[in-house]
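Hello,

Here is the structure I promised to pass on. My notes follow below it.

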Amino acid sequence: MVDIPKSWFEITFNQYIELFEIEQSTDIEFNKTFEQLAVLLDISSDDPYFDELSVDEAFKIFDKIRWLKSPIPKKIEKDFNEYKLIDFNDLTFGEFIDIENFLAADPIQNKILLCSILYKKWKFDEWGNIIFEPYIYDINERAKLFQDCSIVFVESLFDSWLNFKSNFMKNYEQLFEKDVDEKFDEEVSGADAKEQKKLMIEDKKRRKWSWENLIWNLSSNDITKFEQIFSQKLILVFNILSMRKSLGVD
Amino acid sequence: MIELKGFNFKTSINEMTIAEWQLISNIVYSEDDFVEKYIKIFQALGASDDIIDEMEESDLIAFVDEFSKNTQLSTVKKRGFELDGRTYVAYEGDEYVLKLKDLSYIEKSCKKEKNFFSLMLAIVFKDTDVINHYSEWEINRKAELFQHLNAGEYLNYITFITEKLAKKLENMNG
């Protein structure tokens with residue numbers, strides 16, 4: 001008798017990635033379900049178990065894993081082993097940029113990098129306040145700890161992060177330039193079309209380097225000050241940027 | 001079999017090979033018009049253009065009548081058979097049970113190949129001297145070989161599996 005997971009809570013992040021990749025890789029329904037079943041049962045699709053599993057028996061199992069089609073429930077955990085979730089408002093500017101870059105590069109696989117940045121070791125200081133470890137640890141190494149975490153754990157954090165980021169961006173929306181419309185206007189021709197294309201290319205270039213450009217400005221073009229800026233609180237940096245913007249200081 | 005304009009047309013599944021039946025099924029399920037389909041079926045059964053040109057409406061009706069009443073399939077699913085000195089087996093217990101792994105490979109083959117009847121049989125019937133039944137090479141080797149099997153004897157596997165596949169897919173999407 002095989003052990004069939006009963007809910008998303010029993011699915012690890014690694015299993016979720018495998019399920020996701022299978023989902024993306026094929027539209028052949030049975031093949032997909034068969035491969036996904038192997039992941040859920042934590043056995044290879046070449047396992048002798050599948051040589052003997054009848055379609056009727058398999059469908060009894062499929063019935064029991066219908067929850068796979070339901071959304072992943074959310075349940076944020078404040079603690080994970082010796083790690084504690086930091087208050088997002090206490091993020092440093094450097095941590096924020098790292099998260100932005102990682103999630104832009106791969107928003108699925110890099111969810112565990114988000115975990116490794118937001119869950120930190122901690123201790124009480126001499127006055128009983130919680131203090132967190134500095135952001136100097138190897139995040140890739142720490143991310144491995146989250147590979148076998150429940151996907152509910154990882155997704156809940158990701159969801160919470162998206163909410164935070166959305167509110168944060170709204171609060172500081174005056175700092176973020178509106179994107180130039182990606183769609184090329186077909187009706188524009190000649191010199192105007194050339195100008196439009198040039199603008200789009202410049203905009204793409206600017207967005208690609210937007211964080212670097214921001215830091216360059218904040219450090220008054222002094223590369224040695226980058227580390228100091230990265231270690232500042234995110235909110236402080238954005239408040240300063242807002243102030244500079246409203247005072248017209250560039 | 002029916003003789004029309006001096007040519008013997010096969011009309012029964014039992015007279016056809018898997019490859020011939022596959023070809024005819026592909027024509028039947030194509031989007032061609034009724035008469036166009038039957039002209040292609042006559043061609044598939046080996047009739048020359050001269051014979052087809054001579055055929056009258058009554059010939060077509062006679063063929064369709066004969067063809068429609070000759071689709072009785074064997075009710076017994078063959079456990080296995082020997083071919084070219086090798087033994088191929090579909091099941092060992094009392095009756096044939098479709099395995100999930102087989103169905104998964106069958107579905108994959110059905111989606112991309114036009115000769116999926118013989119591919120299906122190649123997945124169902126395992127060579128008793130082979131270990132890796134699901135390698136592409138092994139499946140294609142058997143599919144090539146099984147094209148020459150008698151359709152009447154083995155098509156019951158194909159109808160059984162396609163019906164099961166359709167029902168299960170409906171269940172899954174429902």
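What percentage of the 174 residues of chain B count as buried? The figure is 29%. A residue is buried if 20 or more other C-beta atoms, placed from the backbone, lie within 10 Å of its own.

Some ground rules. This is a predicted model, in which local features need pLDDT of at least 70 and side-chain atom pairs count only at pLDDT 80 or more, while totals for chains, interfaces and linings use all residues. Residues are numbered from 1 along each chain as its sequence is written, and chains are lettered from A and ligands numbered from 1 in the order in which they are written.

Chain B first. Its elements are eight helices and five strands. From the N terminus they run β-β-α-α-α-α-β-β-α-α-β-α-α. (Helices, H or I of at least four residues, and strands, E of at least two, are DSSP runs numbered from the N terminus.) The C-alpha atoms of chain B fill a box of roughly 55 × 45 × 30 Å along the principal axes.

Next, the domains. Chain B splits into domain 1 (2–68) and domain 2 (80–173), with bounds from an automatic or database domain assignment. Their centres, taken over C-alpha atoms, are 27 Å apart. In chain B, 10 residues of domain 1 are in contact with 14 residues of domain 2. Contact means C-beta atoms, placed from the backbone, within 7 Å.

Last, the two chains. Here 14 residues of chain A are in contact with 15 residues of chain B. On the chain A side, helix H2 (29–40), helix H3 (48–52) and helix H4 (55–64) each supply at least two residues.

Best wishes

Conventions:
Contact = placed C-beta atoms within 7 Å. Buried ≥ 20, exposed ≤ 12 C-beta atoms within 10 Å, placed from the backbone.
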